[in-house]
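Thanks for coming. Please have a look at the model on the screen before I start talking.

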Amino acid sequence: MSRGPTVRQNITRSLLRVLQQGRTIDTAIAEHESSVAECDRAYYRATLYGVIRHYSELDFLLSGLLDKPIKVKDADLSMLLLSGLFQIHWLSTASHAVVNESVKVAIRLNKSWARGLINAVLRNALRTDLDARLNSADAITRSNHPEWLYQRIAAAWPNRLEAIMTANQQQAPMWLRNNRSKQDRSEYLQQLEAAKMKAQPPQWPVDAICLDRPQSVETLPGFDQGHCSVQDVAAQCAAGYLAPEPGMKVLDLCAAPGGKSAHLLESYKGISLTCVDNDPGRLKRVEQTLARIGSNAQVVCGDATQAGCLLKGQQFDRILLDAPCSATGVVRRHPDIKWLREPDDISTLTTLQSAMLSEAWSLLAPKGRLLYATCSILPEENNTQIEQFIANHPDTHSVAIDSTQRLPSALPLSHGLQIFPGLDDADGFYYALLEKHG
Ligand SMILES: C[S@@+](CC[C@H](N)C(=O)[O-])C[C@H]1O[C@@H](n2cnc3c(N)ncnc32)[C@H](O)[C@@H]1O
């Protein structure tokens, strides 16, 4: 037996990090993927993402296959069994491989005593009609969302609940953003075709391209030279909504990792852009992105709720506030969000968003425009937040977003637009454009 951890052991360790210790999938991958053999990495990711996507259903199946619950101190065995069940039911991995390899992992975990348990549970699963079992579960279990989040989405969007739940279980497509300062989108599409990468351009936003199959970024034509970036189509709406004019001072108040900043600089020549974020590590990524596309901005590390002090009372013509939020619109890309968020996080976030909005407003020049954005689908972070802001700020009104600049399924609200996950192949997003009276 080799000494390094096997792929299944790495899957078990990564699941423990996310589902037991509350870390993100990205953190777990950063810690463990390098010890997975190159040839096993796709399998590692497919199982890790898959178990996290289907956690409620898997947990339901596992409970039904156990005589008594597994102790918390043996949570690694639970993770091993959940991944075994996922491999059997969703990946159709050869049954003997799942059972034998899972038993070996139990031994490597120094839990030889559990060989019988692992063997019995997985063999029992192979004899069971798992689809029929799953059909007997309630709607919340089958949605694979925690009950509080399911109930909140149900209350907010009762007629869209099923569609949202289904979309959140899908894998998102890979969207690119053509860098129009380097080449037209049609030219970049030709370069993709020459590289045998099939892709589709939507009518709007004008820089967006949806790849038929995800690709690693190194293989994308001209990626290192900044000819394209990876960015969801919904996120690509921001630059066009803010539409700064040459000579304008623009502030991106929560800028990292810099996707929307880069899009603004690629699209609007002659603007002066300031990027603020309070996370130094993420701000480095803004600098790397701007260097890759060959653009410049003033990059400032600090708290957006203290931006007046930070920016020494400067006034801006355009402000983008892409606020920290529940990220409930991007669950299909980040399924760990479902399990990492807590119900209390929402009110903490709405308080922070409201403080950021007020501070941003104080930096906006008369007749200036502020674009408020979240990747949330919860009204309290979105339309309700903006309704309250407008009620408390009589010097503002919201500007309707032109119908030619909307994704076809975006829903206009009393203020701004809600984009729903999965529709138009987009992430869930909210945008409201506010103008300050002169
Ligand atoms: C939704 S992300 C921004 C994404 C970015 N606009 C883009 O398109 O790449 C929100 C950002 O807000 C930052 N943030 C959170 N709290 C902050 C605060 N109090 N002050 C400044 N930035 C903050 C986070 O570090 C995070 O980078």
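I will go through the domains, then one interface, then the ligand, then some backbone details.

This is a predicted model, where local features need pLDDT of at least 70, side-chain atom pairs count only at pLDDT 80 or more, and totals for chains, interfaces and linings use all residues. Residues are numbered from 1 along each chain as its sequence is written, and side-chain values use heavy atoms, with hydrogens and water left out.

The domains first. The protein chain is assigned domain 1 (7-141), domain 2 (175-230) and domain 3 (237-436); such bounds come from an automatic or database domain assignment. I will stay with domain 2 and domain 3, whose centres, taken over C-alpha atoms, are 24 Å apart.

How many residues of domain 2 are in contact with domain 3? There are 16, and they meet 17 residues of domain 3, where contact means heavy atoms within 4.5 Å. About 1300 Å² is buried between domain 2 and domain 3, and carbon and sulfur atoms give 49% of that. Buried area here is the accessible area, with a 1.4 Å probe, that two parts lose on being put together, summed over both. On the domain 2 side, W175, R177 and W204 lose the most area to domain 3, together 47% of what that side buries.

R177 comes up again, in a salt bridge with E266 whose closest N and O atoms are 2.9 Å apart. The rule asks for a side-chain nitrogen of Lys or Arg within 4 Å of a carboxyl oxygen of Asp or Glu, and it finds 1 salt bridge across this interface. On the domain 2 side, β1 (175-178) and β4 (228-230) each give two or more residues. The largest share, 3 residues, comes from β1. Strands here are DSSP runs of E, at least two residues, and helices are runs of H or I, at least four, numbered from the N terminus.

Now the ligand. Of the 18 residues around the ligand, D277, R282, D303, A304 and D322 come nearest; to be counted, a residue needs a heavy atom within 4 Å. R282 has a side-chain N or O atom 2.8 Å from an oxygen atom of the ligand. The backbone takes part in the list as well: a polar backbone atom of C254 is 3.0 Å from a ligand nitrogen, and a backbone N or O atom of G258 is 3.1 Å from a ligand oxygen.

Last, the backbone. Most residues other than glycine have a negative phi, and most peptide bonds are trans. A243, which is not a glycine, has a positive phi near 40° and lies in the loop between α13 (237-242) and β5.

Conventions. Polar contact = N/O pair within 3.5 Å; in protein donor to acceptor, adjacent residues only side chain to side chain.
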